[in-house]
Amino acid sequence: MSAPERIPPRGLTATADVLELLAEGELTVRGQVREASNAVLLCSVAYGGAEIDCVYKPVAGERPLWDFPDGTLAQREAAAYAVSDATGWGLVPPTVLRDGPYGPGTVQQWIDADPSAPPLLSLVEGDEPGEGWRPVGHADVGGGRTALLVHADDPRLRRLAVLDAVINNGDRKGGHLLPAADGRLYAIDHGVTFHVDDRLRTLFWGWAGEPLPEEAPAVLARLDAELASGAPLATRLEQLITPAELDALRSRVTALRTTSRHPEPSGTWPPIPWPPV
């Protein structure tokens, strides 16, 4: 199936409207992302006179992983959205769990990436990242040559680095970033998250060990409160991840609040995802 023609949103005014549309609307499959490791279907969803594009990931199309229970990636995607929404940063597009044409799965609002947006990752010659960039490490570029992998010193990426540390993202690649035309940055593909062990793998180590951004302590304090037993976020997450995973999430938030610093690679797990895109 070929990629669908883009359909602009109609009649939507708020995130709540989008969530209702994603949850209640009629899904029509229009294409497939064939290079994805799991089944990713491009759809339109229509409800109450509104229609948008979305991505539908059925549980039945998930590839088994050795380190995560089978059939849980969709729940983790939904959990990542719930935590992102609680931060107020809006980094993950609206996402719901629901039934679809191929069974239960996640349905997420489609975000069009702005092709004219400045790059967020680059490879540069030498050992210095240059102004406005943060170094990650040297990468083999073939022919016996290496180049320095760098990411933008961008406050949106820094927020994402904090969110990834909270949800223990094991697969933050460059292709998961969608800079929108309005200047917002969205991040997708959060199935490999919330492991109880430290599995943080990311391309955004440029702030490792440095103090968190000024806004982060207040955000983490709010998350801490919303993760308390009986709070709405905790109650939602109890339906999506295991009790041990929820406890580990609370511990990561506490640790970040205590250190007030970006985490560093653990040394027990490969810190850079491969392939990086």
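Colleague: Which residue is the bridge partner of Ser122 in E8?

Modeller: Val150 in E8 is the bridge partner of Ser122. Strands (E, at least two residues) and helices (H or I, at least four) are DSSP runs, numbered from the N terminus. This is a predicted model, in which local features need pLDDT of at least 70 and side-chain atom pairs count only at pLDDT 80 or more, while totals for chains, interfaces and linings use all residues. Residues are numbered from 1 along each chain as its sequence is written, and side-chain values use heavy atoms, with hydrogens and water left out.

Colleague: How many bridges join E6 to E8, and what order does the sheet have?

Modeller: Two strands pair if DSSP finds at least two bridges between them. E6 and E8 run antiparallel and are joined by 4 bridges. The sheet is open, with 3 strands in the order E6-E8-E7 and antiparallel pairing. Its edge strands, E6 (121-124) and E7 (133-142), each pair on one side only.

Colleague: Why is H3 described as largely enclosed?

Modeller: Buried means under 20% relative accessible area, exposed over 50%, partly exposed in between (1.4 Å probe, protein chains only). H3 is largely enclosed by the rest of the structure because 10 of its 13 residues are buried. Among them are Leu157, Arg158, Asp164 and Ile167. The cover over these buried residues includes helices H2 (73-87), H4 (216-226) and H6 (243-259), along with strand E8 (145-152).

Colleague: Which residues touch the most other members of the largest nonpolar core?

Modeller: In soluble globular proteins, nonpolar side chains tend to be buried together. A nonpolar core is a set of buried Ala, Val, Leu, Ile, Met, Phe, Trp, Tyr and Cys residues joined through side-chain atoms within 4.5 Å. The largest here has 44 residues, of which Val83, Val166, Leu237 and Leu249 touch the most other members. H3 gives the most to this core, 8 residues. Setting aside neighbours within four places in sequence, Leu237 is in contact (heavy atoms within 4.5 Å) with residues including Ala79, Val83, Leu227 and Leu249.

Colleague: Is Glu35 buried or exposed?

Modeller: Glu35 counts as exposed because its relative accessibility is 69%. Glu35 sits in the loop between E1 (26-32) and E2 (41-47).
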